[in-house]
Amino acid sequence: MKKVVVRFAPSPTGFLHIGGLRTALFNWLWARKNKGKFILRIEDTDQGRLVEGAVDNIKEALQWYGLDFDEGPILQSERLELYKKYADELLEKGSAYQCFCSAERLAEVRKVQEVNKQATKYDGLCRSLSKEDVTQKIKAGDSHVLRLKVPQDGSTSFDDLVYGKITVANANIDDQVLLKSDGWPTYHLANVVDDHDMAVTHVIRAEEWLPSTPKHIILYQMMDWPLPVFSHLPMVLGPDKTKLSKRHGAVAALEYKKLGYLPEAVLNFIALLGWNPKIEKEIFSIKELISEFDLSKVNKASAIFNIEKLDWMNGQYIKNLELDQLLNMSKNFLEIKKEDKLFFSKVVRLHQDRLKKIKEIVEIANHYLVASYKYDPKILVPKSGSPEETIIILGLIITKLKTVDQKDFDQDDRLKNIFEEFIQEKELTNKSVLWPLRVAITGLEKSPGVFEMMSALGKQKALQHLEEGLKKLQKG
RNA sequence: GGCGCCUUCGUCUAGCCUGGUCCAGGACACCACGCUUUCAAUGUGGUAACACGGGUUCAAAUCCCGUAGGCGCUACCA
(Lines give C-alpha, C1' and ligand atoms only; values in the text may rest on other atoms or scores of the structure.)
Protein backbone atom coordinates (compact mmCIF):
# COMPACT_ATOMS: atom_id res chain seq x y z
CA MET A 1 0.00 0.00 0.00
CA LYS A 2 1.31 3.38 -0.99
CA LYS A 3 2.00 5.85 1.75
CA VAL A 4 -0.92 8.21 2.23
CA VAL A 5 -0.08 11.79 1.37
CA VAL A 6 -2.57 14.59 1.84
CA ARG A 7 -2.32 18.31 1.72
CA PHE A 8 -4.15 21.32 3.01
CA ALA A 9 -3.83 23.97 0.31
CA PRO A 10 -5.36 27.30 1.25
CA SER A 11 -4.83 30.49 -0.66
CA PRO A 12 -3.44 33.28 1.50
CA THR A 13 -6.26 35.68 0.87
CA GLY A 14 -7.36 36.13 4.46
CA PHE A 15 -7.48 34.48 7.86
CA LEU A 16 -8.18 30.79 8.20
CA HIS A 17 -11.88 30.35 8.78
CA ILE A 18 -13.98 27.56 10.24
CA GLY A 19 -14.64 25.91 6.88
CA GLY A 20 -10.94 25.87 6.06
CA LEU A 21 -10.16 24.55 9.49
CA ARG A 22 -12.51 21.63 8.97
CA THR A 23 -10.90 20.83 5.62
CA ALA A 24 -7.51 20.95 7.33
CA LEU A 25 -8.80 18.75 10.15
CA PHE A 26 -10.17 16.07 7.84
CA ASN A 27 -6.91 16.00 5.89
CA TRP A 28 -4.92 15.84 9.09
CA LEU A 29 -7.09 13.09 10.57
CA TRP A 30 -6.76 11.05 7.41
CA ALA A 31 -2.98 11.46 7.43
CA ARG A 32 -2.62 10.57 11.09
CA LYS A 33 -5.01 7.65 10.85
CA ASN A 34 -3.05 6.17 7.96
CA LYS A 35 0.36 7.11 9.31
CA GLY A 36 0.76 9.27 6.25
CA LYS A 37 2.08 12.70 5.48
CA PHE A 38 0.26 16.01 5.90
CA ILE A 39 1.55 18.84 3.74
CA LEU A 40 0.75 22.52 4.06
CA ARG A 41 0.80 24.14 0.65
CA ILE A 42 0.10 27.79 0.05
CA GLU A 43 -1.68 28.48 -3.22
CA ASP A 44 -0.51 32.01 -3.87
CA THR A 45 -0.72 32.14 -7.64
CA ASP A 46 -2.97 35.16 -7.61
CA GLN A 47 -0.55 37.82 -6.55
CA GLY A 48 -3.22 40.47 -6.65
CA ARG A 49 -5.28 38.89 -3.92
CA LEU A 50 -2.55 38.24 -1.39
CA VAL A 51 -3.28 39.45 2.11
CA GLU A 52 -0.37 40.33 4.30
CA GLY A 53 -0.01 38.08 7.32
CA ALA A 54 -2.34 35.46 5.91
CA VAL A 55 0.25 32.71 5.86
CA ASP A 56 1.24 33.49 9.44
CA ASN A 57 -2.39 33.39 10.47
CA ILE A 58 -2.88 30.01 8.84
CA LYS A 59 0.21 28.63 10.52
CA GLU A 60 -0.70 30.07 13.89
CA ALA A 61 -4.22 28.70 13.68
CA LEU A 62 -3.07 25.22 12.69
CA GLN A 63 -0.61 25.29 15.53
CA TRP A 64 -3.13 26.36 18.13
CA TYR A 65 -5.43 23.57 17.05
CA GLY A 66 -2.57 21.13 17.08
CA LEU A 67 -2.82 20.22 13.40
CA ASP A 68 0.88 19.82 12.80
CA PHE A 69 2.11 19.48 9.26
CA ASP A 70 4.98 17.28 8.18
CA GLU A 71 6.05 19.40 5.27
CA GLY A 72 5.70 23.02 4.29
CA PRO A 73 4.53 25.59 4.04
CA ILE A 74 5.36 25.16 0.37
CA LEU A 75 4.70 28.28 -1.64
CA GLN A 76 3.55 27.89 -5.21
CA SER A 77 5.02 31.26 -6.05
CA GLU A 78 8.44 29.66 -5.61
CA ARG A 79 7.73 26.84 -8.04
CA LEU A 80 6.90 28.77 -11.18
CA GLU A 81 9.44 26.92 -13.36
CA LEU A 82 7.81 23.63 -12.58
CA TYR A 83 4.43 24.77 -13.84
CA LYS A 84 6.03 26.35 -16.87
CA LYS A 85 7.78 23.10 -17.67
CA TYR A 86 4.58 21.10 -17.67
CA ALA A 87 2.71 23.83 -19.50
CA ASP A 88 5.27 23.60 -22.29
CA GLU A 89 4.90 19.86 -22.33
CA LEU A 90 1.15 20.16 -22.66
CA LEU A 91 1.54 22.64 -25.49
CA GLU A 92 3.99 20.40 -27.27
CA LYS A 93 1.69 17.42 -26.98
CA GLY A 94 -1.13 19.41 -28.47
CA SER A 95 -3.10 19.16 -25.25
CA ALA A 96 -3.10 22.91 -24.81
CA TYR A 97 -3.09 25.93 -27.06
CA GLN A 98 -2.40 29.63 -26.95
CA CYS A 99 -5.38 31.92 -26.90
CA PHE A 100 -5.16 35.56 -27.90
CA CYS A 101 -8.75 36.56 -27.28
CA SER A 102 -9.34 39.81 -25.47
CA ALA A 103 -11.36 40.14 -22.30
CA GLU A 104 -13.92 42.10 -24.32
CA ARG A 105 -14.41 39.32 -26.82
CA LEU A 106 -14.70 36.75 -24.06
CA ALA A 107 -17.37 38.84 -22.37
CA GLU A 108 -19.20 39.17 -25.66
CA VAL A 109 -19.13 35.43 -26.26
CA ARG A 110 -20.50 34.79 -22.81
CA LYS A 111 -23.28 37.26 -23.29
CA VAL A 112 -24.43 35.67 -26.51
CA GLN A 113 -24.31 32.22 -24.96
CA GLU A 114 -26.38 33.36 -22.05
CA VAL A 115 -29.02 34.89 -24.31
CA ASN A 116 -29.17 31.66 -26.28
CA LYS A 117 -29.43 29.64 -23.04
CA GLN A 118 -26.24 27.81 -23.78
CA ALA A 119 -23.45 26.82 -21.42
CA THR A 120 -21.10 29.75 -20.94
CA LYS A 121 -17.61 28.70 -21.97
CA TYR A 122 -14.83 29.66 -24.28
CA ASP A 123 -15.91 29.12 -27.89
CA GLY A 124 -12.56 27.72 -28.99
CA LEU A 125 -11.77 30.35 -31.59
CA CYS A 126 -8.01 30.15 -31.09
CA ARG A 127 -7.98 26.38 -31.35
CA SER A 128 -7.86 26.72 -35.10
CA LEU A 129 -4.96 29.14 -35.22
CA SER A 130 -2.13 27.87 -37.37
CA LYS A 131 1.42 27.57 -36.08
CA GLU A 132 2.40 30.50 -38.26
CA ASP A 133 -0.41 32.65 -36.89
CA VAL A 134 0.67 31.88 -33.35
CA THR A 135 4.33 32.57 -34.01
CA GLN A 136 3.48 35.80 -35.69
CA LYS A 137 1.20 37.01 -32.91
CA ILE A 138 3.74 36.16 -30.26
CA LYS A 139 6.43 37.98 -32.22
CA ALA A 140 4.16 40.98 -32.39
CA GLY A 141 3.94 40.81 -28.62
CA ASP A 142 0.22 39.97 -28.46
CA SER A 143 -0.97 39.12 -24.98
CA HIS A 144 -2.06 35.51 -24.65
CA VAL A 145 -2.94 32.70 -22.27
CA LEU A 146 -2.55 28.96 -22.46
CA ARG A 147 -5.75 26.96 -22.55
CA LEU A 148 -6.45 23.30 -21.99
CA LYS A 149 -7.69 21.58 -25.13
CA VAL A 150 -10.63 19.72 -23.63
CA PRO A 151 -11.92 16.87 -25.83
CA GLN A 152 -15.08 17.99 -27.59
CA ASP A 153 -17.03 14.80 -27.28
CA GLY A 154 -17.38 12.00 -24.82
CA SER A 155 -17.59 12.51 -21.11
CA THR A 156 -15.35 12.55 -18.09
CA SER A 157 -16.16 10.81 -14.86
CA PHE A 158 -14.53 9.97 -11.59
CA ASP A 159 -15.36 8.26 -8.35
CA ASP A 160 -15.55 10.60 -5.44
CA LEU A 161 -15.09 8.97 -2.06
CA VAL A 162 -17.91 11.04 -0.66
CA TYR A 163 -20.17 11.84 -3.59
CA GLY A 164 -19.78 8.67 -5.57
CA LYS A 165 -19.60 8.58 -9.33
CA ILE A 166 -19.68 11.99 -11.02
CA THR A 167 -19.97 12.27 -14.77
CA VAL A 168 -19.84 15.42 -16.87
CA ALA A 169 -20.16 15.68 -20.65
CA ASN A 170 -16.96 17.06 -22.10
CA ALA A 171 -19.01 19.46 -24.17
CA ASN A 172 -19.86 21.19 -20.92
CA ILE A 173 -16.29 21.55 -19.79
CA ASP A 174 -14.55 24.81 -20.52
CA ASP A 175 -11.15 25.12 -22.16
CA GLN A 176 -9.67 26.13 -18.85
CA VAL A 177 -6.92 28.77 -18.74
CA LEU A 178 -3.74 27.09 -17.51
CA LEU A 179 -1.26 29.90 -17.79
CA LYS A 180 -2.29 33.50 -17.41
CA SER A 181 -0.97 36.20 -19.72
CA ASP A 182 1.60 37.18 -17.10
CA GLY A 183 2.98 33.65 -17.21
CA TRP A 184 1.66 32.64 -13.77
CA PRO A 185 -0.28 29.40 -13.57
CA THR A 186 -3.93 29.29 -12.59
CA TYR A 187 -5.13 27.22 -9.67
CA HIS A 188 -6.03 24.33 -11.91
CA LEU A 189 -2.60 23.84 -13.39
CA ALA A 190 -0.58 24.52 -10.26
CA ASN A 191 -2.84 22.37 -8.15
CA VAL A 192 -2.66 19.34 -10.40
CA VAL A 193 1.07 19.68 -11.01
CA ASP A 194 1.77 19.98 -7.31
CA ASP A 195 -0.48 17.14 -6.27
CA HIS A 196 1.35 14.95 -8.74
CA ASP A 197 4.77 16.29 -7.86
CA MET A 198 4.14 15.79 -4.14
CA ALA A 199 2.69 12.32 -4.71
CA VAL A 200 -0.59 13.28 -3.09
CA THR A 201 -2.78 10.20 -2.76
CA HIS A 202 -5.98 11.78 -1.47
CA VAL A 203 -7.31 15.13 -2.55
CA ILE A 204 -9.57 16.18 0.30
CA ARG A 205 -11.11 19.57 -0.29
CA ALA A 206 -14.37 21.51 -0.08
CA GLU A 207 -17.36 20.68 -2.24
CA GLU A 208 -17.04 23.91 -4.17
CA TRP A 209 -14.29 22.17 -6.14
CA LEU A 210 -16.47 19.34 -7.30
CA PRO A 211 -17.47 21.03 -10.58
CA SER A 212 -13.89 21.70 -11.61
CA THR A 213 -12.63 18.23 -10.85
CA PRO A 214 -13.38 16.90 -14.36
CA LYS A 215 -10.98 19.52 -15.71
CA HIS A 216 -8.36 18.23 -13.35
CA ILE A 217 -9.04 14.66 -14.39
CA ILE A 218 -8.51 15.62 -18.03
CA LEU A 219 -5.25 17.28 -17.10
CA TYR A 220 -4.08 14.14 -15.33
CA GLN A 221 -5.06 12.05 -18.33
CA MET A 222 -3.23 14.29 -20.74
CA MET A 223 -0.10 14.14 -18.64
CA ASP A 224 -0.58 10.44 -18.25
CA TRP A 225 -0.38 10.73 -14.48
CA PRO A 226 -2.05 8.39 -12.00
CA LEU A 227 -5.18 9.81 -10.43
CA PRO A 228 -5.36 10.55 -6.72
CA VAL A 229 -8.51 9.65 -4.82
CA PHE A 230 -10.87 12.60 -4.75
CA SER A 231 -12.88 13.29 -1.69
CA HIS A 232 -15.03 16.38 -1.56
CA LEU A 233 -16.35 17.69 1.71
CA PRO A 234 -19.84 19.14 2.15
CA MET A 235 -19.96 22.86 2.79
CA VAL A 236 -20.27 24.51 6.16
CA LEU A 237 -23.12 27.03 6.11
CA GLY A 238 -24.29 29.84 8.38
CA PRO A 239 -27.66 29.69 10.14
CA ASP A 240 -29.25 31.37 7.10
CA LYS A 241 -28.04 28.51 4.93
CA THR A 242 -25.57 30.58 2.95
CA LYS A 243 -21.84 30.10 2.85
CA LEU A 244 -20.35 30.86 6.24
CA SER A 245 -18.99 34.40 6.30
CA LYS A 246 -18.15 37.30 8.56
CA ARG A 247 -21.70 38.42 9.01
CA HIS A 248 -22.44 35.12 10.72
CA GLY A 249 -20.30 36.19 13.66
CA ALA A 250 -17.15 34.38 14.66
CA VAL A 251 -15.76 32.60 11.62
CA ALA A 252 -12.02 33.04 12.00
CA ALA A 253 -10.48 29.88 13.40
CA LEU A 254 -8.39 31.85 15.88
CA GLU A 255 -11.31 33.90 17.09
CA TYR A 256 -12.36 30.91 19.12
CA LYS A 257 -9.16 31.17 21.06
CA LYS A 258 -9.97 34.73 22.07
CA LEU A 259 -13.52 33.76 22.94
CA GLY A 260 -12.39 31.11 25.37
CA TYR A 261 -13.04 27.87 23.55
CA LEU A 262 -10.77 24.89 23.88
CA PRO A 263 -9.18 23.81 20.60
CA GLU A 264 -10.15 20.19 21.26
CA ALA A 265 -13.78 21.18 21.72
CA VAL A 266 -13.89 23.16 18.49
CA LEU A 267 -12.20 20.32 16.63
CA ASN A 268 -14.60 17.78 18.14
CA PHE A 269 -17.52 19.93 17.11
CA ILE A 270 -16.48 20.63 13.53
CA ALA A 271 -15.47 17.01 13.03
CA LEU A 272 -19.11 16.12 13.59
CA LEU A 273 -20.17 18.64 10.99
CA GLY A 274 -20.54 16.43 7.96
CA TRP A 275 -19.11 13.32 9.51
CA ASN A 276 -20.53 10.82 11.94
CA PRO A 277 -18.98 7.65 13.33
CA LYS A 278 -22.42 6.01 13.42
CA ILE A 279 -22.25 5.41 17.12
CA GLU A 280 -24.17 7.30 19.75
CA LYS A 281 -21.28 9.15 21.19
CA GLU A 282 -20.49 12.82 20.85
CA ILE A 283 -17.41 13.64 22.82
CA PHE A 284 -14.25 12.39 21.16
CA SER A 285 -10.68 13.00 22.16
CA ILE A 286 -8.28 13.77 19.34
CA LYS A 287 -6.99 10.23 19.60
CA GLU A 288 -10.47 8.79 19.28
CA LEU A 289 -11.17 11.09 16.38
CA ILE A 290 -8.13 9.74 14.58
CA SER A 291 -9.09 6.14 15.11
CA GLU A 292 -12.79 6.61 14.35
CA PHE A 293 -12.48 8.94 11.40
CA ASP A 294 -13.42 7.56 8.03
CA LEU A 295 -13.67 9.53 4.81
CA SER A 296 -16.25 7.15 3.42
CA LYS A 297 -18.57 8.05 6.29
CA VAL A 298 -18.61 11.72 5.37
CA ASN A 299 -22.05 13.12 4.50
CA LYS A 300 -23.03 14.66 1.22
CA ALA A 301 -25.37 17.37 2.45
CA SER A 302 -23.96 20.64 3.73
CA ALA A 303 -24.18 21.39 7.43
CA ILE A 304 -25.13 24.50 9.33
CA PHE A 305 -22.67 25.80 11.86
CA ASN A 306 -24.76 26.13 15.00
CA ILE A 307 -22.81 27.64 17.84
CA GLU A 308 -25.22 26.51 20.57
CA LYS A 309 -24.03 22.95 20.39
CA LEU A 310 -20.42 24.07 20.33
CA ASP A 311 -21.05 25.99 23.54
CA TRP A 312 -22.49 22.91 25.17
CA MET A 313 -19.57 20.83 24.00
CA ASN A 314 -17.04 23.39 25.18
CA GLY A 315 -18.78 23.37 28.55
CA GLN A 316 -18.38 19.60 28.68
CA TYR A 317 -14.67 19.93 27.98
CA ILE A 318 -14.27 22.60 30.65
CA LYS A 319 -16.13 20.47 33.14
CA ASN A 320 -13.68 17.65 32.58
CA LEU A 321 -10.59 19.80 32.96
CA GLU A 322 -8.33 19.50 35.98
CA LEU A 323 -8.60 22.63 38.07
CA ASP A 324 -4.95 23.41 37.46
CA GLN A 325 -5.41 23.22 33.73
CA LEU A 326 -8.37 25.52 33.88
CA LEU A 327 -6.49 27.98 36.08
CA ASN A 328 -3.57 27.85 33.71
CA MET A 329 -5.75 28.64 30.72
CA SER A 330 -7.29 31.52 32.55
CA LYS A 331 -3.92 33.22 32.42
CA ASN A 332 -4.56 34.00 28.78
CA PHE A 333 -7.49 36.14 29.79
CA LEU A 334 -6.53 37.87 33.00
CA GLU A 335 -3.81 38.50 35.51
CA ILE A 336 -4.47 37.51 39.11
CA LYS A 337 -2.58 39.12 41.95
CA LYS A 338 -0.57 36.75 44.06
CA GLU A 339 -2.57 37.34 47.22
CA ASP A 340 -5.85 36.61 45.37
CA LYS A 341 -4.72 33.38 43.80
CA LEU A 342 -5.95 30.95 46.42
CA PHE A 343 -9.36 32.54 46.72
CA PHE A 344 -9.62 32.83 42.96
CA SER A 345 -8.86 29.16 42.47
CA LYS A 346 -11.58 28.24 44.97
CA VAL A 347 -14.10 30.42 43.22
CA VAL A 348 -13.20 29.07 39.80
CA ARG A 349 -13.66 25.54 41.04
CA LEU A 350 -17.15 26.42 42.19
CA HIS A 351 -17.95 27.84 38.76
CA GLN A 352 -16.31 25.17 36.66
CA ASP A 353 -19.54 23.26 36.01
CA ARG A 354 -21.33 26.31 34.75
CA LEU A 355 -18.70 27.74 32.43
CA LYS A 356 -19.32 27.58 28.72
CA LYS A 357 -16.21 29.49 27.73
CA ILE A 358 -12.98 30.10 29.58
CA LYS A 359 -13.33 33.79 29.04
CA GLU A 360 -16.28 33.89 31.43
CA ILE A 361 -13.89 33.68 34.35
CA VAL A 362 -12.96 37.29 33.66
CA GLU A 363 -16.41 38.32 34.81
CA ILE A 364 -16.11 36.03 37.79
CA ALA A 365 -12.80 37.54 38.80
CA ASN A 366 -14.07 41.05 38.30
CA HIS A 367 -17.03 40.31 40.45
CA TYR A 368 -15.49 38.48 43.37
CA LEU A 369 -12.07 40.04 43.66
CA VAL A 370 -13.34 43.27 45.17
CA ALA A 371 -13.66 44.57 48.68
CA SER A 372 -17.39 45.07 48.37
CA TYR A 373 -20.04 44.04 45.87
CA LYS A 374 -22.29 46.36 43.96
CA TYR A 375 -25.89 45.22 43.72
CA ASP A 376 -29.43 46.34 44.25
CA PRO A 377 -30.30 45.66 47.90
CA LYS A 378 -33.75 44.53 46.81
CA ILE A 379 -32.33 41.26 45.60
CA LEU A 380 -31.46 40.37 49.20
CA VAL A 381 -35.14 39.89 49.92
CA PRO A 382 -36.51 36.48 48.97
CA LYS A 383 -39.68 36.37 46.92
CA SER A 384 -41.77 35.31 49.88
CA GLY A 385 -40.20 37.74 52.35
CA SER A 386 -40.13 41.42 53.25
CA PRO A 387 -37.23 43.86 53.71
CA GLU A 388 -38.04 44.26 57.39
CA GLU A 389 -37.98 40.56 58.01
CA THR A 390 -34.80 40.14 56.00
CA ILE A 391 -33.06 42.85 58.03
CA ILE A 392 -33.88 40.99 61.23
CA ILE A 393 -32.71 37.68 59.79
CA LEU A 394 -29.46 39.09 58.49
CA GLY A 395 -28.83 40.51 61.94
CA LEU A 396 -29.40 37.11 63.48
CA ILE A 397 -27.11 35.46 60.94
CA ILE A 398 -24.31 37.89 61.68
CA THR A 399 -24.62 37.38 65.41
CA LYS A 400 -24.56 33.64 64.90
CA LEU A 401 -21.61 33.65 62.51
CA LYS A 402 -19.49 35.69 64.90
CA THR A 403 -19.62 32.72 67.25
CA VAL A 404 -18.53 30.26 64.55
CA ASP A 405 -14.88 29.29 64.43
CA GLN A 406 -12.77 29.98 61.34
CA LYS A 407 -11.95 26.30 61.61
CA ASP A 408 -15.55 25.45 60.83
CA PHE A 409 -15.36 27.57 57.70
CA ASP A 410 -12.90 25.15 56.20
CA GLN A 411 -15.64 22.63 55.62
CA ASP A 412 -18.82 23.57 53.84
CA ASP A 413 -20.57 20.52 55.33
CA ARG A 414 -19.91 21.85 58.79
CA LEU A 415 -21.33 25.25 57.85
CA LYS A 416 -24.36 23.56 56.45
CA ASN A 417 -24.97 21.70 59.69
CA ILE A 418 -24.56 24.85 61.68
CA PHE A 419 -27.17 26.63 59.62
CA GLU A 420 -29.58 23.75 59.63
CA GLU A 421 -29.49 23.79 63.42
CA PHE A 422 -29.75 27.54 63.46
CA ILE A 423 -32.83 27.57 61.25
CA GLN A 424 -34.53 24.92 63.34
CA GLU A 425 -33.68 26.64 66.57
CA LYS A 426 -35.06 30.00 65.43
CA GLU A 427 -38.03 28.36 63.75
CA LEU A 428 -37.25 29.95 60.41
CA THR A 429 -37.46 28.57 56.88
CA ASN A 430 -34.57 27.59 54.66
CA LYS A 431 -35.48 30.13 52.08
CA SER A 432 -35.88 33.10 54.37
CA VAL A 433 -32.40 32.51 55.79
CA LEU A 434 -30.40 30.94 52.99
CA TRP A 435 -31.53 33.28 50.25
CA PRO A 436 -30.40 36.57 51.86
CA LEU A 437 -27.33 34.83 53.22
CA ARG A 438 -26.30 33.67 49.77
CA VAL A 439 -27.02 36.93 48.03
CA ALA A 440 -25.04 38.88 50.61
CA ILE A 441 -22.18 36.39 50.43
CA THR A 442 -21.98 36.37 46.64
CA GLY A 443 -23.54 39.66 45.65
CA LEU A 444 -25.48 37.77 43.01
CA GLU A 445 -29.01 36.60 42.40
CA LYS A 446 -27.67 33.48 40.72
CA SER A 447 -24.57 31.89 42.12
CA PRO A 448 -22.99 28.66 43.34
CA GLY A 449 -23.99 27.21 46.70
CA VAL A 450 -23.79 29.49 49.69
CA PHE A 451 -21.82 27.18 51.99
CA GLU A 452 -19.13 26.51 49.44
CA MET A 453 -18.86 30.21 48.79
CA MET A 454 -18.67 31.03 52.46
CA SER A 455 -15.99 28.46 52.91
CA ALA A 456 -14.01 29.91 50.03
CA LEU A 457 -14.35 33.40 51.44
CA GLY A 458 -13.41 32.61 55.03
CA LYS A 459 -14.96 34.00 58.19
CA GLN A 460 -13.67 37.51 58.01
CA LYS A 461 -14.65 38.27 54.44
CA ALA A 462 -17.96 36.50 54.81
CA LEU A 463 -18.90 38.62 57.78
CA GLN A 464 -17.78 41.73 55.97
CA HIS A 465 -20.08 41.00 53.03
CA LEU A 466 -22.95 40.20 55.35
CA GLU A 467 -22.59 43.40 57.31
CA GLU A 468 -22.47 45.34 54.11
CA GLY A 469 -25.55 43.61 52.83
CA LEU A 470 -27.39 44.46 56.01
CA LYS A 471 -26.31 48.07 55.77
CA LYS A 472 -27.47 48.30 52.17
CA LEU A 473 -30.87 47.00 53.04
CA GLN A 474 -31.27 49.26 56.05
CA LYS A 475 -30.54 52.26 53.86
CA GLY A 476 -33.25 51.02 51.50
C1' G B 1 -29.43 30.67 -18.43
C1' G B 2 -26.01 26.15 -18.42
C1' C B 3 -23.71 22.23 -15.60
C1' G B 4 -23.24 19.55 -11.08
C1' C B 5 -24.58 18.30 -6.18
C1' C B 6 -27.99 17.99 -2.16
C1' U B 7 -33.05 17.30 0.60
C1' U B 8 -34.92 12.74 7.92
C1' C B 9 -37.11 16.88 14.25
C1' G B 10 -35.43 24.45 14.66
C1' U B 11 -29.95 22.53 14.40
C1' C B 12 -26.06 18.30 14.14
C1' U B 13 -27.32 13.45 12.78
C1' A B 14 -28.64 7.47 12.94
C1' G B 15 -31.47 4.47 9.72
C1' C B 16 -31.20 4.23 3.17
C1' C B 17 -26.47 0.36 -0.22
C1' U B 18 -28.64 -5.34 1.72
C1' G B 19 -37.34 -2.84 1.61
C1' G B 20 -40.58 -5.42 6.92
C1' U B 21 -37.48 -5.28 13.69
C1' C B 22 -39.01 2.71 12.28
C1' C B 23 -46.66 5.19 13.84
C1' A B 24 -38.29 6.77 12.60
C1' G B 25 -33.26 6.40 17.29
C1' G B 26 -29.50 9.81 19.68
C1' A B 27 -27.51 14.82 20.73
C1' C B 28 -28.00 20.38 21.16
C1' A B 29 -31.81 23.88 22.03
C1' C B 30 -36.76 24.28 24.18
C1' C B 31 -40.65 22.74 27.93
C1' A B 32 -42.13 20.00 32.47
C1' C B 33 -40.84 17.35 36.76
C1' G B 34 -37.05 15.56 40.55
C1' C B 35 -32.83 17.33 43.45
C1' U B 36 -32.53 22.42 45.75
C1' U B 37 -31.45 28.65 49.14
C1' U B 38 -30.87 30.70 43.53
C1' C B 39 -28.31 29.36 39.17
C1' A B 40 -25.59 25.63 37.04
C1' A B 41 -24.46 20.52 36.81
C1' U B 42 -27.25 16.04 37.01
C1' G B 43 -31.64 12.48 36.64
C1' U B 44 -36.55 11.44 34.43
C1' G B 45 -40.18 12.63 30.93
C1' G B 46 -42.14 15.63 26.79
C1' U B 47 -42.89 18.70 22.10
C1' A B 48 -40.72 18.10 17.28
C1' A B 49 -38.77 15.32 11.05
C1' C B 50 -38.76 10.99 6.36
C1' A B 51 -39.59 18.13 0.75
C1' C B 52 -43.79 16.88 -2.70
C1' G B 53 -46.22 13.69 -6.43
C1' G B 54 -46.45 9.16 -8.98
C1' G B 55 -44.79 4.10 -9.59
C1' U B 56 -42.76 -1.00 -8.11
C1' U B 57 -44.11 -4.30 -3.97
C1' C B 58 -48.07 -8.13 0.37
C1' A B 59 -44.88 -4.13 2.54
C1' A B 60 -40.98 2.01 1.00
C1' A B 61 -37.58 6.91 5.00
C1' U B 62 -35.27 2.83 2.33
C1' C B 63 -35.86 0.91 -4.88
C1' C B 64 -37.46 3.69 -9.74
C1' C B 65 -39.39 8.14 -12.27
C1' G B 66 -40.88 13.10 -12.04
C1' U B 67 -41.58 17.93 -9.57
C1' A B 68 -40.19 21.63 -6.23
C1' G B 69 -36.66 23.94 -3.22
C1' G B 70 -31.63 24.82 -1.60
C1' C B 71 -26.46 25.10 -2.52
C1' G B 72 -22.06 25.22 -5.52
C1' C B 73 -19.54 26.22 -10.08
C1' U B 74 -20.07 28.95 -14.46
C1' A B 75 -12.87 34.58 -14.01
C1' C B 76 -6.35 35.41 -17.15
C1' C B 77 -9.95 34.09 -8.17
C1' A B 78 -8.96 30.16 -5.39
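**Exercise 1: a loop residue**

Glu335 is exposed, with a relative accessible area of 75%. (Exposed means over 50% relative accessible area, buried under 20% and partly exposed in between, with a 1.4 Å probe and protein chains only.) This is a predicted model, where local features need pLDDT of at least 70, side-chain atom pairs count only at pLDDT 80 or more, and totals for chains, interfaces and linings use all residues. Residues are numbered from 1 along each chain as its sequence is written, chains are lettered from A and ligands numbered from 1 in the order in which they are written, and side-chain values use heavy atoms, leaving out hydrogens and water.

Task: find where Glu335 is located.

Solution: look between helix 12 (323-330) and helix 13 (341-351); Glu335 is in that loop. (Helices are DSSP runs of H or I, at least four residues, numbered from the N terminus.)

**Exercise 2: two helices**

Task: work out how helix 17 and helix 18 are oriented.

Solution: 
1. Take the axes of helix 17 (residues 412-426) and helix 18 (residues 430-442): they come within 10 Å and cross at roughly 135°. (Axes are lines fitted to C-alpha atoms over the stretch in contact, with angles from 0 to 180 degrees between N-to-C directions.)
2. The two helices are therefore oblique to each other. (Angles under 35 degrees count as roughly parallel, over 145 as roughly antiparallel, 65 to 115 as roughly perpendicular, and the rest as oblique.)
3. Now the side chains: Phe419, Phe422 and Ile423 of helix 17 meet Asn430, Val433, Leu434 and Leu437 of helix 18. (Contact means heavy atoms within 4.5 Å.)
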